Amino acid sequence: MSENQTHTRTYSYFPGCTLKNKAKELDSYARASAAVLGFKLEEIEEWQCCGGVYPCGKNEIASKLPSVRALAASRDKNQPLVTLCSACYNVLKQVNGDFQNDENTVLKANNYLKEDGIEYHGETNVLHFLEVLRDEIGWDTVKSAVKNPLAGKKIGAYYGCLLLRPGKVMEFDDPENPQILEDFIRAVGGTPVIYAQRNECCGAYAAFEDETIPQKRTASILSNAQDMGADFLVTSCPLCRYNLVKNKGSSNLDVVYFSELLAEALGVKEEAQKEVLQHA
């Protein structure tokens, strides 16, 4: 890939609600890093909340429409749709899958949307920021851009559920033995720590039913990572990070967004932090 080609690459971008308030740093670090790596995140105009949870009801159409509008807007710009939040990625990818495979959903949703001049049939390619790094930028390019390698850092990847499942729809990585975050850690100069519970659910969605469930799940995840030698964990999910930090108890493991590590390695962390503070 030539330098000119790299610097003309633009993606439609769906930040989602959490990245505009509680997880501003996930967004800011990623934008700054993208600029260094030669691609641009072009935020979709007037995007709406995706709902945060994929609606499983077969006839649940209305709650899918905000995602469809974002997908159609990206399609109309002839751009892939990129997101950072694991929950947004899960919802957008699953809704897009419905429009590729379920004619009933297509018919009903397009009947709603026709008054807005929108018709959608699953044409958009939905990507997570990590997939852009792996599949389109390439780990070698990331490595070559690193100014501050995280040498000596033993880092545990925490995937959680939403990036990986359902595996046949998400197709993000092997749901049983994912590697993308470990490859990312290597690319920024760190040492990945493999531990058994890196792709187990943190229990966050069960908190309203029984708050002891996420407490037990978090304790198990952090204990496992610490026992295997991790200095800290990285994640892409604001809900997972909130849950792991809130329920960390006696654990001394910090949990940070992967984009913070990327910005640090690329030498733009301080610049991105200033942006977060300006919009606090």
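This is a predicted model: local features need pLDDT of at least 70, side-chain atom pairs count only at pLDDT 80 or more; totals for chains, interfaces and linings use all residues.
How much space lies in the second largest pocket?

**Figure 1. The open sheet of four strands.** The strand order is S6-S5-S7-S8, and the pairing is parallel. Strand S6 (191-193) and strand S8 (254-257) are the edge strands; each has a single partner strand, so one side of each is left without a neighbour in the sheet. From one strand to the next, the twist averages 40°. Strands of a sheet pair through backbone hydrogen bonds, in either a parallel or an antiparallel arrangement.

**Figure 2. Strand S5 between its bridge partners in S6 and S7.** Strand S5 (residues 154-157) pairs with strand S7 (residues 232-235) in the parallel sense, over three bridges. S5 and S6 likewise pair in the parallel sense, and three bridges join them. Gly156 has Leu233 opposite it in S7, while its bridge partner in S6 is Val193. Ile155 has Phe232 as its bridge partner in S7.

**Figure 3. The largest pocket and helix H11.** Helix H11 (residues 238-246) lies across S7 and S8 and runs at about 165° to S8. The largest pocket has a volume of about 380 Å³. Its lining is made up of 19 residues, and those nearest the centre of the pocket are Thr18, Lys22, Pro238, Leu239 and Tyr242. Helix H4 (86-101) and H11 each supply at least two residues of this lining. H11 gives the most, with four residues. By class, the lining of the largest pocket comprises 13 nonpolar, four polar and two charged residues.

**Figure 4. The second largest pocket and its lining.** About 260 Å³ of space lies in this pocket. The lining includes Ala204, Tyr205, Ala207, Phe208 and Glu211, together with Pro214 and Gln215. Leu239, Tyr242, Asn243, Lys246 and Asn247 also line the second largest pocket. Leu239 and Tyr242 are also among the residues nearest the centre of the largest pocket. Helix H10 (212-227) and H11 each supply at least two residues of the lining of the second largest pocket. H11 gives the most to this lining, with four residues. The residues lining the second largest pocket divide into seven nonpolar, three polar and two charged.

**Figure 5. The packing of helices H4 and H5.** H4 and helix H5 (residues 103-113) pack at an angle of about 105°, and their axes are 6 Å apart. Angles of 65 to 115 degrees count as roughly perpendicular, and H4 and H5 are therefore roughly perpendicular to each other. On the H4 side, the contact is made by Asp98, Phe99 and Asn101. On the H5 side, Glu103, Thr105, Val106 and Ala109 take part. By class, the contact of H4 with H5 has three nonpolar, two polar and two charged residues.

Methods:
Residues are numbered from 1 along each chain as its sequence is written. Side-chain values use heavy atoms; hydrogens and water are left out. Two strands pair if DSSP finds at least two bridges between them. Axes are lines fitted to C-alpha atoms, for helices over the stretch in contact, and angles run from 0 to 180 degrees between N-to-C directions. Contact means heavy atoms within 4.5 Å. On a 1 Å grid over the protein atoms alone, a cavity is a set of points where a 1.4 Å probe fits but cannot get out, and a pocket is an open set with protein on both sides within 12 Å along at least five of seven lines; lining residues have an atom within 4 Å of a point. Grid points are joined across faces, edges and corners, and a volume is the space filled by probe spheres set on the points. Ala, Val, Leu, Ile, Met, Phe, Trp, Tyr, Cys and Pro count as nonpolar, Asp, Glu, Lys and Arg as charged, and the others, Gly among them, as polar. Angles under 35 degrees count as roughly parallel, over 145 as roughly antiparallel, 65 to 115 as roughly perpendicular and the rest as oblique.
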